[in-house]
Each structure stands twice: as C-alpha cells, then as structure tokens.
Amino acid sequence: MEFKSRLKDLRTSNNLSQKQLGDIIGASYSAIGYWETGVNEPKISYIIALCKYFNVSADYLLGLTD
C-alpha cells in the first residue's frame, strides 16, 4: 500500500476530515488532499507529525512495512 492510501486510511478510520487533520499537524486541507491523491508529497516534518499523531512508524506510513 502506498503513502497516499495509508494516509487516507488512517485519516478516515479516525473520523477526521482533511481540514481537521491539517489543523492538527499544521498543514492546509488542500495539502492533505494533494498528498492523498498523489499530486504532492509532504515534507519530512509533516511525515513526522503524521507518525506521531497516528502513532505509526514512518516505514508503515510510507508503505515500506505492514
């Protein structure tokens, strides 16, 4: 599974909108949408924030491990 799918999965399973998640990690809702559709990729600081919030490893979020 790719990053974009993992991110959307984690967000929706935690009942968060793109705006809510963006507010939590300090990104815009449009950035979240771009990441989930694969248009853009997040900076490492956002990857770290996502991992901390969802309590997952970067390897998991990036699709390197299950």
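**Exercise 1. Find how helix H2 and helix H4 are oriented to each other in this predicted model, and list the residues that make their contact.**

Solution. Start with the axes: those of H2 (residues 18-25) and H4 (residues 44-54) come within 10 Å and cross at roughly 105°. Next, apply the cut-off: angles of 65 to 115 degrees count as roughly perpendicular. H2 and H4 are therefore roughly perpendicular to each other. Now look at the side facing H4: H2 contributes Leu-21, Ile-24 and Ile-25. From H4 come Tyr-46, Ala-49, Leu-50, Tyr-53 and Phe-54.

**Exercise 2. Describe the largest pocket: how much space lies in it, and which residues line it?**

Solution. Begin with the volume, which is about 190 Å³. Then walk along the lining: Glu-2, Phe-3, Lys-4, Trp-35, Gly-38, Asn-40, Glu-41, Pro-42, Ile-47 and Leu-62. By class, the lining has five nonpolar, two polar and three charged residues. To link this with Exercise 2, note that Phe-3, Lys-4 and Trp-35 are among the lining residues and also take part in the contact of H1 with H3.

**Exercise 3. Work out the overall make-up of the protein: how many helices and strands are there, and what is the radius of gyration?**

Solution. Count the elements: there are five helices and zero strands. Read from the N terminus, the order is α-α-α-α-α. For the extent, the C-alpha atoms fill a box of roughly 25 × 25 × 20 Å along the principal axes. Last, compare with a compact globule: for 66 residues its radius of gyration would be near 11 Å, and the protein's 10 Å agrees with that.

Definitions and conventions: Residues are numbered from 1 along each chain as its sequence is written. This is a predicted model: local features need pLDDT of at least 70, side-chain atom pairs count only at pLDDT 80 or more; totals for chains, interfaces and linings use all residues. Side-chain values use heavy atoms; hydrogens and water are left out. On a 1 Å grid over the protein atoms alone, a cavity is a set of points where a 1.4 Å probe fits but cannot get out, and a pocket is an open set with protein on both sides within 12 Å along at least five of seven lines; lining residues have an atom within 4 Å of a point. Grid points are joined across faces, edges and corners, and a volume is the space filled by probe spheres set on the points. Ala, Val, Leu, Ile, Met, Phe, Trp, Tyr, Cys and Pro count as nonpolar, Asp, Glu, Lys and Arg as charged, and the others, Gly among them, as polar. Axes are lines fitted to C-alpha atoms, for helices over the stretch in contact, and angles run from 0 to 180 degrees between N-to-C directions. Helices (H or I, at least four residues) and strands (E, at least two) are DSSP runs, numbered from the N terminus. Angles under 35 degrees count as roughly parallel, over 145 as roughly antiparallel, 65 to 115 as roughly perpendicular and the rest as oblique. Contact means heavy atoms within 4.5 Å. The radius of gyration is taken over C-alpha atoms; the globule rule is 2.2 Å times the number of residues to the power 0.38.
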